[in-house]
Amino acid sequence: QVQLVESGGGLVQDGGSLRLSCAASGRLFSGFVMGWFRQAPGKERELITTITWSGGSTGYADSVKGRFTISREYAKNTMYLHMNSLKPEDTAVYYCAARLTGRAAWDYWGQGTQVTVSS
């Protein structure tokens, strides 16, 4: 069983930066894919970036490409989302999630952390 806990959200001005963390308890191994989702009010949950736990291969949605960076730190069993050049449209609840490679469903979710970007 894997449990995920996000932290680092908050209020930031347009153009600012934030770093979100996702700490995992339980064992993450090479078969996991990690990701960050976000959900803005009245909108569907959106997958914005993924990383393979083993090799660190990453992917990004067009909406965040070039501004956000996903990373992971083995020693701390933690994943990060570095967000730069934030825009008001980035305002959302951000969730980290994990799934096993080859599965479509995301099996493990954090509780979410609010990010608000003021104009």
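Four strands make up an open sheet, ordered E1-E3-E8-E7, with antiparallel pairing. Strand E1 (3–7) and strand E7 (68–73) are its edges, and each of them pairs on one side only. Neighbouring strands of this sheet are turned against each other by 20° on average, direction ignored. The model is a predicted one.

Start with E8. Strand E3 (residues 18–25) and strand E8 (residues 78–83) run antiparallel and are joined by six bridges. Arg19 stands opposite His82 in E8. Cys22 has Met79 as its bridge partner in E8. E7 is also antiparallel to E8, and six bridges join these two strands. Here Glu73 is the bridge partner of Thr78 in E8. E7 and E8 form a hairpin with four residues between the strands. Asn77 takes a positive phi near 50° in this hairpin. How enclosed is E8 by the rest of the structure? Five of its six residues are buried, so E8 is largely enclosed.

Cys22 leads on to the disulfide. The count comes to one disulfide. Cys22 and Cys96 form the link, with their sulfur atoms 2.1 Å apart. The link is right-handed, with 65° about the S-S bond. Cys22 sits in strand E3 and Cys96 in strand E9 (residues 92–100), so the pair links distant parts of the chain, 74 residues apart. Are the two cysteines buried or exposed? Cys22 counts as buried because its relative accessibility is 1%. Cys96 counts as buried too, at 0% relative accessibility.

Now the nonpolar packing. The largest nonpolar core has 29 residues. Leu4, Trp36, Met83 and Tyr94 touch the most other members of this core. E3, E4, E5, E7, E8, E9 and strand E11 (113–118) each give two or more residues to this core.

Leaving aside neighbours within four places in sequence, Tyr94 is in contact with Glu6, Leu20, Phe37, Arg38, Ile48, Phe68, Leu81, Met83, Gly112, Thr113 and Val115. Met83 in this list is another of the residues that touch the most other core members.

Thr113 is a contact of Tyr94 and lies in strand E11. Its relative accessible area is 11%, so Thr113 is buried. Which backbone atom lies 3.3 Å from a polar atom of the Thr113 side chain? The backbone nitrogen of Gly9 does. Beyond residues up to four places away in sequence, Thr113 touches Glu6, Ser7, Gly8, Gly9, Leu20, Ala92, Val93 and Tyr94.

Met34 is found in strand E4 (residues 32–39). With a relative accessibility of 1%, Met34 counts as buried. Which residues does Met34 contact, leaving aside its neighbours within four places in sequence? They are Leu4, Leu28, Thr49, Thr50, Ile51, Trp53, Ile70, Met79, Ala97, Ala98 and Trp106. Several of these names have come up before. Leu4 is among the residues that touch the most other members of the largest core. Met79 is the bridge partner of Cys22. Trp106 is 72 residues from Met34 along the chain, yet their C-alpha atoms are separated by 9.0 Å.

Thr49 is another contact of Met34. Thr49 lies in strand E5 (residues 46–52). It is buried, with a relative accessible area of 1%. A polar atom of the Thr49 side chain lies 2.9 Å from the backbone oxygen of Gly59. Not counting residues up to four places away in sequence, Thr49 touches Met34, Gly35, Trp36, Gly59, Tyr60, Ile70 and Leu81. Ile70 is in contact with Met34 as well. With Trp36, the list returns to a residue of the largest nonpolar core.

Methods:
Residues are numbered from 1 along each chain as its sequence is written. This is a predicted model: local features need pLDDT of at least 70, side-chain atom pairs count only at pLDDT 80 or more; totals for chains, interfaces and linings use all residues. Side-chain values use heavy atoms; hydrogens and water are left out. Buried means under 20% relative accessible area, exposed over 50%, partly exposed in between (1.4 Å probe, protein chains only). Contact means heavy atoms within 4.5 Å. A polar contact is a pair of N or O atoms within 3.5 Å; within protein, one must be able to donate a hydrogen and the other to accept it, and residues adjacent in sequence count only if both atoms are side-chain atoms. Two strands pair if DSSP finds at least two bridges between them. Axes are lines fitted to C-alpha atoms, for helices over the stretch in contact, and angles run from 0 to 180 degrees between N-to-C directions. A disulfide is a pair of cysteine sulfur atoms within 2.5 Å. A nonpolar core is a set of buried Ala, Val, Leu, Ile, Met, Phe, Trp, Tyr and Cys residues joined through side-chain atoms within 4.5 Å.
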